[in-house]
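Welcome! Please take a look at it before reading on.

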Amino acid sequence: MNWGTKLVIALALFMAFILTLSVKMIFSNDDALIEKDYYEQGLNYNKKYDARQQAVADSVVPSVDVNENGLTIVFRHPAECKLNFKRLSDAKMDTIFERSTDKDFSVRVLKGDLRRGPWLLTLNYTIDEKTYLYESEKIMP
């Protein structure tokens, strides 16, 4: 076998490799996107930004504490909130809680409600009919 034959075989193997990867990519349903509706969220980015800035301007940014019992969010006023926990490594673990503050103006998520590891917390909350947004990455123990 001379070098020309080896070159043709190597080229054919490389083309087969690229073709295999292309077919696998086309028929794969698993995307690594964080959001399925990223385009719509991009169009509505200003609303999210304004809600974050309004929370700072009105001094209603909650205090979020993670300890061995779970997660505690403390507000300064009574609030209705929607907690959206996203696990960036596995979208099947994403969880949404809708809660109201208790008599201490706090909301608790117990340790057993979420698995250990990093979570992206998006907190939409309403105080006196104004909507606010808080986002943070937290690591559950």
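How many aromatic pairs does a search of the whole structure find? The search finds 5 aromatic pairs.

## Before we start

This is a predicted model, in which local features need pLDDT of at least 70, side-chain atom pairs count only at pLDDT 80 or more, and totals for chains, interfaces and linings use all residues. Residues are numbered from 1 along each chain as its sequence is written, and side-chain values use heavy atoms, with hydrogens and water left out.

## Aromatic rings

A pair of aromatic rings is described by the distance of the centres and the angle of the planes. Rings of Phe, Tyr and Trp (its six-membered ring) pair if their centres lie within 6.5 Å; planes under 30 degrees apart count as stacked, over 60 as edge-to-face and the rest as tilted.

Let us begin with Phe85 and Phe97: their ring centres are 5.9 Å apart and their planes stand at 75°, so this pair is edge-to-face. Phe85 belongs to strand S3 (residues 80-86) and Phe97 to strand S4 (residues 95-100), so the pair ties together parts that are 12 residues apart in sequence. Helices (H or I, at least four residues) and strands (E, at least two) are DSSP runs, numbered from the N terminus. Phe85 and Phe97 are both buried, where buried means under 20% relative accessible area, exposed over 50% and partly exposed in between (1.4 Å probe, protein chains only).

Phe85 also forms an edge-to-face pair with Trp119, at 6.3 Å centre to centre and 90° between the planes. Because Phe85 lies in S3 and Trp119 in strand S6 (residues 117-127), this pair ties together parts that are 34 residues apart in sequence. Phe85 has 0% relative accessibility, and Trp119, at 3%, counts as buried too. The charged end of Arg87 sits over the ring of Trp119, 5.1 Å from its centre; for this, NZ of Lys or CZ of Arg must be within 6 Å of the ring centre and within 35 degrees of the ring normal. Elsewhere, Phe75, Tyr125 and Tyr132 form one aromatic cluster.

## The open sheet

In what order do the 4 strands of the open sheet come? The order is S4-S3-S6-S7, with antiparallel pairing; two strands pair if DSSP finds at least two bridges between them. S4 and S7 are the edge strands, each pairing on one side only. From one strand to the next, the twist averages 20°.

S6 and S7 are joined in the antiparallel sense by 11 bridges, and Ile127 stands opposite Lys130 in S7. Helix H3 packs on the sheet and touches S6 and S7 (contact means heavy atoms within 4.5 Å). The direction of H3 makes about 90° with that of S7; axes are lines fitted to C-alpha atoms, for helices over the stretch in contact, and angles run from 0 to 180 degrees between N-to-C directions.

## Strand S2 and its partners

Strand S2 (residues 70-74) is mostly covered, with 4 of its 5 residues buried. Strand S1 (residues 63-67) runs antiparallel to S2 and is joined to it by 5 bridges, and a hairpin links S1 to S2 through 2 residues. Ser63 stands opposite Val74 in S2. S2 also pairs with strand S5 (residues 106-110), antiparallel over 5 bridges, where Gly70 has Leu110 as its bridge partner.

## Two loop residues

Ser59 has a phi near 55°, a positive value in a residue other than glycine. Its place is in the loop between helix H3 (45-57) and S1.

Asp128 is not a glycine either, yet its phi is positive, at about 50°. Asp128 is found in the loop between S6 and strand S7 (130-140), and at 71% relative accessibility it counts as exposed.
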